[in-house]
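Please look through the structure below before reading my points, and keep the display open while you follow them.

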Amino acid sequence: DPAAVPLEDCVPCLFLPYRSARFLFFFLHGNAEDIGKCHTFCTVLREQFQVNVLAVEYPGYGLSPGPCSEAGILANVFAAFQFVVQCLEWPLDSVKVFGRSLGTAPALAIAAKYDVGGLILVSPFLSIQSVCRETLGVFSSLVTDRFVNFDKMPHVTSPTLIVHGKKRFLGSRDPWTPAARDVSSSQDVRGP
């Protein structure tokens with residue numbers, strides 16, 4: 001009974017069903033976004049690919065209470081994924097996990113644990129520390145490393161699509177993009 005669950009234990013999600021969809025896109029947004037800002041993008045995904053879309057909110061973003069942390073983000077994402085598997089009873093081979101920027105970290109965590117139908121990574125990165133390396137140089141070692149994606153890639157067996165440009169968009173100083181190209185050139189990408 002959702003009414004019996006305390007608000008702080010709820011995970012806000014956006015579910016956009018598509019009649020007779022074969023696949024479900026499990027969408028994990030980037031930093032400086034929330035599911036409200038992603039609504040239009042998720043709607044386009046649903047219509048263009050004729051899929052169900054479930055977008056998950058992170059603690060400290062949008063309507064989700066609590067401080068933002070790696071553990072909190074992963075807890076929300078795994079709780080929402082359990083909803084897909086247990087409540088919606090969606091088959092794993094019909095789930096496409098789609099992560100963008102920061103969302104690639106929890107997407108990799110899901111795909112490393114479950115053999116999903118596919119993994120889509122848009123602007124992935126190796127780790128937070130590697131993102132900081134370009135701007136901070138040797139001082140990046142002072143940054144606590146979180147979201148260590150390169151450790152998860154060897155455990156992914158699902159078909160994987162990595163989308164990333166070679167240059168920053170319009171000279172952007174977006175710190176998430178420079179190190180991301182390293183994931184796509186990693187020797188640890190497996191799967192068909």
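Predicted model: local features only at pLDDT ≥ 70, side-chain atom pairs only at ≥ 80, totals over all residues.

1. In it, six strands form an open sheet in the order 1-3-2-4-5-6, with mixed pairing. Strand 1 and strand 6 (160–163) are the edge strands, each of them pairing on one side only, and the twist from one strand to the next averages 15°.

2. How many of the residues of strand 3 are buried? Five of the five residues of this strand (residues 52–56) are buried, so strand 3 is largely enclosed by the rest of the structure. Both of its faces are covered, with Asn52, Leu54 and Val56 buried on one side and Val53 and Ala55 buried on the other.

3. Strand 3 runs antiparallel to strand 1 (residues 13–16), to which four bridges join it, and Leu16 has Val53 as its bridge partner in strand 3. With strand 2 (residues 24–28), strand 3 pairs in the parallel sense over five bridges, and here Leu24 has Asn52 as its bridge partner. Between strand 2 and strand 3 the chain passes through helix 1 (residues 39–49), and this β-α-β crossover is right-handed.

4. Strand 5 (residues 118–122) pairs with strand 6 in the parallel sense over four bridges, and Val122 stands opposite Val163 in strand 6.

5. Helix 1 packs on the sheet, where it touches strand 1, strand 2, strand 3 and strand 4 (95–100), and its direction makes about 30° with that of strand 1. Helix 3 (residues 104–113) also packs on the sheet, touching strand 2, strand 4 and strand 5, and its direction makes about 160° with that of strand 5.

Notes
Residues numbered from 1 in each chain as written. Heavy atoms only, no water. Buried < 20%, exposed > 50% of the residue type's maximum accessible area, 1.4 Å probe, protein only. Helix = DSSP H or I, 4+ residues; strand = E, 2+ residues; numbered from the N terminus. Pairing = 2+ DSSP bridges. Right-handed = clockwise from strand over helix to strand, strands pointing away. Axes fitted to C-alpha atoms, helices over the stretch in contact; angles between N-to-C directions. Contact = heavy atoms within 4.5 Å.
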